[in-house]
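Subject: Handing over the structure

Hi there,

Here is the structure I promised to pass on. Have a look at it first, and then read on for what turned up.

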Amino acid sequence: MFNRGLSYFFVSLAVIFSISYSQDVVLSLDGNNLNYNSSSDIAGFQFNHNGCVSGASGGDAELNGFTISSSGSTILAFSFTGSVVPSGQGTLVVLDGEPSYDCLSNFIFSDSNGDAILVDWPGGNDGTADDGADDGADDGADDGADDGGPTGDNILSVGDANVVAGETTNFDISLNNPNDVIAGFELYLTDFPNSYGSYISVDGTNRTSGFTISANEQPDGTYIIVGFDLTLTGIQPGDGPIVTVEYQSDAIYTAEIDIHIGSQSILSDAVGSALDYSSNSGVINVTGEDPPPVFAPEGLTAVGGLTMVTLSWTHPEPWSVSSYNVYRDNVLVGSTASTNYADTGLPNVVESYCYTVTAVSIEDIESIQSNEACAETTDIYLEEPPNLTAQENGLEIFLDWDVPSGSIGIGDECEDAYGNPGYIDCSGVCFDAVLADSWIGDGFCDGMYAQYGVNFSCLEWSCDGCDCFGTGEQSQECIDECGGFVSGINNNHNQDKQAAEGTVFYGNRELIGYEVFKDNVAIEFTTQTEYLDIDNLDYLTEYCYNVTAVYDEGSSSFSNTACDSPQLDEPTGLSAEGTGSFITLNWNAPNGNNQDGFNIYKDGEFYFYTTDLTYEDYNAEVGVEYCYTVKAEYEGIGESPDSNESCAAWMMFPPSEIIVEDGDGYVDLSWGLPVDEGGS
C-alpha cells in the first residue's frame, strides 16, 4: 500500500526543510508532454503552476495506475495500490493548457520508500533543499510554547448508521482535532463481515471543502480514502465530520456490520509529518429477515475429470463453520474443513454426477443444502504425474514429481510407425524427423488438408516455408504470415511428391499445469513440477498429497499418494563416555533451541527427563555397555525424533606403573592412575 510516501504530497515545497534526497530525476517539456529521465522508481509527484495548466492526464503516470489531480495552482499524482513509474525515461504526464518552463515550479518527487528525489528542472526552482535562511515564516517546530504546534491529540470516529437490508445508507467519519491543522489524510476502512455490504462513494464536508478526495476499494475489501488540500488551508482545529461515505447493504438478513479505521491510516500536518491519533469504530445496523442458525454454502461449482469431480464453494460466514458435508446425488460422500473437495475413485466411464454441500456450525448445527452443481466425468485417459514424493522439513513439506509422458504437442519428439525418431506436425501426426529438413520450403504444399500425409501449416513449422501460398490450404496464422488465402500463384505446386509413410496420429495434448491436493482438498495450481507446502501444518500430523495434470482437454486422475509428517527438530551430536564410576552424556540443542526439555532413552526405554544439555548416569554397572538416545520435548506438541545413538561403559582398571623400593625396615610402594591397557 502507498503509505510512507503519501504524506509527502500533503505539503508544499516551501515548508519542506528536512527531507533526505535520493537519486535524480531530470524533467523536460516537449510541447504539452512533461518528460522524465529518472534513475529511481517514482511513487508520486507534485508541482505548482501559475495558471498555465488547466488539467493533467495520460503518460506513464496514468499507465501505471496513478490518480492525477489538478487545481488552479497544483498538479498532484500518486497510486492507491503502491505501484510506481519504473526508473527510466518517457512521458510522465500530458499537461492541458499552455505549459512552459517559466510557469512550472516547486517539484516534489517521492520514491517507493517515501524519500524525496532531487529534481533537475531547466526552469529553475526545481526541488532543491532550502538554504536554511530565516524568511520569517513559521517553520512548524515545537519549541515548547503553546504556539499551536502539533500535539497528536486527534480522534477519528466512525458514525453509526441504520439501513434496510438491500438498500443504501450514509455514515460520517468525524475528526476531533483540538490543536492540529490537518493538511491531508489517508484512511483505511474495513467492514466486518466483509460480505454483508460494500462501499459506494465518498464525499467531503464543509470542513474539507477545499480538499480533493478520492477513494478506492482494494481486492481484500479495504476501502482507502485519500484527502489532500491543494489550497494549503487544511482542516482547522475543531470537531465534526470530514467525509461522508455511502454504503450498500448486500444481504437480506438482519445484521450488525462493524466499520473500523485501520492502523495504517495517516493524518498529516503541514510539514508532512504523521500525527498521532486514536480511532473509534462504528456500527451499521441492518434490518431484514431473521438469519438462519448457520448459512448454507454458496457458489458451488463442479468440474469433471477422469474418475473424479473437483468441487469448490464459498461461505458468507466462514468463521462460524467447523466443517462441510459433501453430498453426491443426496448421499454423503465426504467432509472437509476447506471450501473445496475432490470426489475421487469414480468409475472410468462418462457419467454425470450432481452435488450439494452443507455447512456444519461450531455448535454442530447443519445448514440447508447449497445450490446443486453437476459435472460429467470423462473416459479419455489423461496421464497423471508420475513419481510424486513428499519430504518434511520442520513445518514444511516439499513435493516433487515428474512430467507425464502423455503431454505432447506440436514440434514434440515422437516415434513413427517404423520406430524412427519423429516430430508432431500441426495436426497431431507423428512423421519421420528427416522430413522436417527436406519438406519445408520444397515447393510442395504440406497444408491443412495434408495431401502428402503431413500438415506444416502453422507457425511452429514455419508455415511450410510459405509453400501453400495461393492454394487455400493455409491456416489463418499462416495467411497472416505468408499473405493470401487463394490469391497469388505458386509455380512450385507440384503434385508428384509421394505421401509420407509410417505416420501415426498422436493428437495434440497441451499440458497447462498441475493441481496439488492435500488430503483430497485442492490447495494450489502450479506450472512447476515441485511445490512447498507451508500452510496449515501441525507437527506430528500426517498429510497425504496427490497431484493431477491439467491438460487443455481436461484433468488427469490422481497421481500416486505421497505422505509425510512434520517433525520436531531433534538434538544432535550425542556422545556417551565412561567417566569414573558413571557414564557422562553430552548433546547439542535442536535448531532454534525452543524445546522445553529432553527425554533420555537408555537401551530403548525412557530413562530420565532434564532441561540440561548434559547428564551423568550413576545407575550403570561396571563393564556393561549402555546405549543412549535423546529426544527433545515440546510441551503441548510432543517429542522430536531420536538423536543419534551413542553407547559407552565404565570400567575398573588396576593402578598403573607400580614401583616397589626397599628401605631400612620398610618397603616403599608407588603407582600411577588406572589405565586401560587392554584398549577396552
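This is a predicted model: local features need pLDDT of at least 70, side-chain atom pairs count only at pLDDT 80 or more; totals for chains, interfaces and linings use all residues.

T307 sits in the loop that runs between strand 22 (298-304) and strand 23 (309-314). Most residues other than glycine have a negative phi. T307 also counts as buried, because its relative accessibility is 17% and the limit for buried is under 20%. A second residue of this kind is N387, again not a glycine and with a positive phi of about 60°. You will find N387 in the loop between strand 28 and strand 29 (389-392).

Next, the disulfides. The count comes to nine, and here are some of them.

C354 and C374 are joined with their sulfur atoms 2.0 Å apart. The link of C354 and C374 is right-handed, with 105° about the S-S bond. This pair connects distant parts of the chain, with C354 in strand 27 (residues 352-361) and C374 in strand 28 (residues 373-376), 20 residues apart. C374 has a relative accessible area of 41%, so it is partly exposed.

C426 and C458 form another disulfide, with 1.9 Å between their sulfur atoms. The torsion about the S-S bond of C426 and C458 is about -70°, which means that this disulfide is left-handed. C426 belongs to the loop between strand 32 (421-424) and strand 33 (429-432), while C458 belongs to the loop between helix 2 (435-438) and helix 3 (476-482), so the pair ties together parts that are 32 residues apart in sequence. Are C426 and C458 buried or exposed? Both are buried.

C627 and C647 are also linked, at 1.9 Å from S to S. Their link is right-handed, with 110° about the S-S bond. Because C627 lies in strand 46 (residues 626-634) and C647 in strand 48 (residues 646-648), the pair ties together parts that are 20 residues apart in sequence. C627 is buried, with a relative accessible area of 17%, whereas C647 is partly exposed at 30%.

Now for the charged pairs.

R328 and D343 meet through their side chains, at 2.7 Å from N to O. R328 is in strand 24 (residues 321-328) and D343 in strand 26 (residues 340-343), so this bridge ties together parts that are 15 residues apart in sequence. D343 counts as buried at 3% relative accessibility, while R328 counts as partly exposed at 22%.

K518 pairs with D533, and their closest N and O atoms are 3.0 Å apart. This bridge links distant parts of the chain, from K518 in strand 35 (residues 511-518) to D533 in strand 37 (residues 530-533), 15 residues apart. K518 is buried, with a relative accessible area of 11%, and D533 counts as buried too, at 2%.

Finally, K497 forms a salt bridge with D446, with the closest N and O atoms 3.1 Å apart. K497 lies in the loop between helix 3 and strand 34 (504-505), and D446 in the loop between helix 2 and helix 3, so the pair ties together parts that are 51 residues apart in sequence. Both K497 and D446 are buried.

Best wishes

Methods
Residues are numbered from 1 along each chain as its sequence is written. Side-chain values use heavy atoms; hydrogens and water are left out. A disulfide is a pair of cysteine sulfur atoms within 2.5 Å. Helices (H or I, at least four residues) and strands (E, at least two) are DSSP runs, numbered from the N terminus. Buried means under 20% relative accessible area, exposed over 50%, partly exposed in between (1.4 Å probe, protein chains only). A salt bridge is a side-chain nitrogen of Lys or Arg within 4 Å of a carboxyl oxygen of Asp or Glu.
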